[in-house]
Amino acid sequence: MKRIIFLYFLLPTIGFTQTNNDLRDICFIENSEVILLGNSNVTDYSCKLYDLSNNSHISIKSEVYGHTIKLENAVISLKSSGFECDNKIMTKDFYKTIKGAQYPEIKVEFLQFTLVQDIAKHQIQKDIPAKLLIQLAGKTNQYSTLLKSFSIHSNQLTMSGSIEVLMTDFDIDPPTALFGAVKTDDEIQIDFNITFTFK
């Protein structure tokens with residue numbers, strides 16, 4: 001019998017009574033993607049990562065406080081060398097920009113969600129406030145965002161959303177090309193669609 005993911009992991013489900021659950025579960029990530037979007041004075045660009053297979057046997061701990069679910073160790077590792085940009089030159093420049101040789105992984109850690117409805121009755125929810133950490137080029141920053149979608153099906157949890165960050169927040173200089181004729185903006189948007197599959 002398949003477990004209903006997070007129906008045990010995130011509960012209590014009825015009425016969100018004030019509770020402090022301390023549960024741990026093992027999961028892996030599949031059928032997921034992360035896309036970085038940016039623009040320059042010449043054109044827009046995107047760098048995509050589809051392979052998150054290095055994320056297996058993640059041991060996530062949860063604590064439930066009313067509507068809020070706090071997580072521990074919900075860390076996703078993104079291979080710096082795994083991103084594919086619009087062309088090979090851009091892919092190479094992107095890897096150099098994020099200091100991929102020195103920092104082979106980008107890490108995203110989900111800290112907490114605040115559900116807006118009873119998860120037992122509403123297994124698909126939208127605009128879920130969330131907090132997360134992003135570690136890039138050896139520096140970590142915390143962000144707040146709204147998840148566009150948060151859905152539970154069988155033994156899977158899928159969340160999607162986007163967050164805007166500044167490269168200079170991570171001590172990264174926005175890259176230039178052609179002796180400065182092409183200049184990229186400091187701001188990049190990170191779009192993600194992540195599916196946790198629980199064993």
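A: With a relative accessible area of 27%, Lys-107 is partly exposed, because this class covers values between the 20% under which a residue is buried and the 50% over which a residue is exposed. This is a predicted model, and the values that follow are computed from it. The partner of Lys-107 is Glu-105, and the two form a salt bridge in which the closest N and O atoms are 3.1 Å apart. Glu-105 has a relative accessibility of 32% and therefore counts as partly exposed.

The count of salt bridges comes to two, and the other case to consider joins Lys-139 to Asp-171, whose side chains meet at 3.8 Å from N to O. Since the limit for a salt bridge is 4 Å, this distance falls within it. The pair links distant parts of the chain, for Lys-139 belongs to strand β11 whereas Asp-171 sits in the loop between β12 (156-166) and β13 (176-177), 32 residues apart.

Aromatic pairs number six, and among them is the pair of Phe-113 and Phe-150, which is edge-to-face, with 5.3 Å from centre to centre and 65° between the planes. This pair, too, links distant parts of the chain, with Phe-113 in strand β8 (residues 105-114) and Phe-150 in strand β11 (residues 139-153), 37 residues apart. Both Phe-113 and Phe-150 are buried. They belong to one aromatic cluster, which is formed by Phe-110, Phe-113, Phe-150, Phe-192 and Phe-196.

Two members of that cluster, Phe-110 and Phe-196, also stand out in the largest nonpolar core, where, of its 49 residues, they touch the most other members. Strand β15 (residues 187-198) gives the most to this core, contributing six residues.

How values were computed: Residues are numbered from 1 along each chain as its sequence is written. This is a predicted model: local features need pLDDT of at least 70, side-chain atom pairs count only at pLDDT 80 or more; totals for chains, interfaces and linings use all residues. Side-chain values use heavy atoms; hydrogens and water are left out. Rings of Phe, Tyr and Trp (its six-membered ring) pair if their centres lie within 6.5 Å; planes under 30 degrees apart count as stacked, over 60 as edge-to-face and the rest as tilted. Helices (H or I, at least four residues) and strands (E, at least two) are DSSP runs, numbered from the N terminus. Buried means under 20% relative accessible area, exposed over 50%, partly exposed in between (1.4 Å probe, protein chains only). A nonpolar core is a set of buried Ala, Val, Leu, Ile, Met, Phe, Trp, Tyr and Cys residues joined through side-chain atoms within 4.5 Å.
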